[in-house]
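User: I am new to this structure. Can you show me how to read its features, step by step?

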Amino acid sequence: MKYPGVFITGTDTGVGKTVISAALTRTLLNRGMSVGVMKPVETGCARGPKGLLATDSEFLIKAARSKDPKNLITPYTMEAPVAPMEAAEMEGVEINEEYILDCYLQLKHRHDFMVVEGAGGLMVPIHRRMLVSDLIQLLDLPVILVARPNLGTINHSLLSLHYAQDLGIKVLGFVINRRHDEVKEIHVAEEKSPILIETLSGVPFLGTKPYVEDSLLDEEFIEKSASYFAELIKLDSLGL
Ligand SMILES: Nc1ncnc2c1ncn2[C@@H]1O[C@H](COP(=O)(O)OP(=O)(O)O)[C@@H](O)[C@H]1O
Ligand SMILES: [Mg+2]
């Protein structure tokens, strides 16, 4: 295997990092690989009877059919729906990147491949001296960027890709995720922007993931997403 795993980042929050991470995870699992998942810091967790509920993390666990301890998969959970640094300050949590690295290495040791979902985008602060991009470098993982399809995506995508490239982060490619189905006909911007982004950044366009009905149960949603992923996304660059 060329890489020990991949870090899934996005141009923004809500672009589909969790869905793409889950689709990739299940695709690899369906190929017979053992896949470890991680969402190192999750904010916006609802408080339930058993403590904080990390929904992204739970979704990734389902996609991977993971039996790993949840405190390794998501070592930091916080309630406030804000960036990790802010949530940690509000809730008196001290985020330690060495601890995140330790959890990551333990999981990596157990699996063939790791899929790690970031928080927000590349410049989101984890703590005062650490951005998501620093965490990516610490874990020493290549990145896949998830971007939205509609107008505005060229700017957001190029900013993210250039920033990653300037830092020397290996970018395997970018995926366009269709999160809504209200646009039945593909807008002209959506048709042209992937190629433009690819040409201007030199980063491979891996493909567009279609919308999946959100009324489906999690398991069906994950399988359907994975089958689209296997069919439409070029995975060769992962070296698998
Ligand atoms: N391809 C898709 N089809 C249908 N719904 C999607 C798709 N991608 C994302 N969504 C929905 O959009 C919302 C945001 O996606 P999510 O993966 O959680 O984004 P992020 O992890 O980047 O914050 C979620 O409710 C998710 O179920
Ligand atoms: Mg997410």
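User: Which residues of helix α4 are buried?

Analyst: Start by counting neighbours. A residue is called buried if 20 or more other C-beta atoms lie within 10 Å of its own. This is a predicted model. In helix α4, residues 84-91, the buried ones are Pro84, Met85, Ala87 and Ala88.

User: Where do the buried residues of α4 fall, seen down its axis?

Analyst: Look along the axis and note the directions. The buried residues of α4 fall within an arc of 165°, so they line one face of the helix.

User: What covers the buried residues of α4?

Analyst: The cover includes two strands, β3 (41-42) and β8 (125-127). Past the helix comes Gly92, with a positive phi near 65°.

User: Now the core. Which residues touch the most other members of the largest nonpolar core?

Analyst: In soluble globular proteins, nonpolar side chains tend to be buried together. Here the largest nonpolar core has 69 residues. Val37, Val143, Ile144 and Phe174 touch the most other members. Helix α1 supplies the largest share of this core, six residues.

User: What does Val143 touch?

Analyst: Leave out residues up to four places away in sequence. Val143 then touches Phe7, Thr9, Ile136, Ala164, Ile169, Lys170, Val171 and Leu172.

User: Which residues come nearest to ligand 1?

Analyst: List the shell, then sort it. Of 15 residues around ligand 1, Gly16, Lys17, Thr18, Val19 and Val212 come nearest. By class, the shell holds four nonpolar, six polar and five charged residues. Helix α1 (residues 17-30) gives the most to this shell, with three residues.

Key:
Residues are numbered from 1 along each chain as its sequence is written. Chains are lettered from A and ligands numbered from 1 in the order in which they are written. This is a predicted model: local features need pLDDT of at least 70, side-chain atom pairs count only at pLDDT 80 or more; totals for chains, interfaces and linings use all residues. A residue is near a molecule or strand if its C-beta atom, placed from the backbone, lies within 6 Å of it. Helices (H or I, at least four residues) and strands (E, at least two) are DSSP runs, numbered from the N terminus. Ala, Val, Leu, Ile, Met, Phe, Trp, Tyr, Cys and Pro count as nonpolar, Asp, Glu, Lys and Arg as charged, and the others, Gly among them, as polar. A nonpolar core is a set of buried Ala, Val, Leu, Ile, Met, Phe, Trp, Tyr and Cys residues joined through C-beta atoms within 7 Å. A residue is buried if 20 or more other C-beta atoms lie within 10 Å of its own, exposed if 12 or fewer, and partly exposed in between; C-beta atoms are placed from the backbone. Two residues are in contact if their C-beta atoms, placed from the backbone, lie within 7 Å. The arc is that of the directions from the helix axis to the C-beta atoms.
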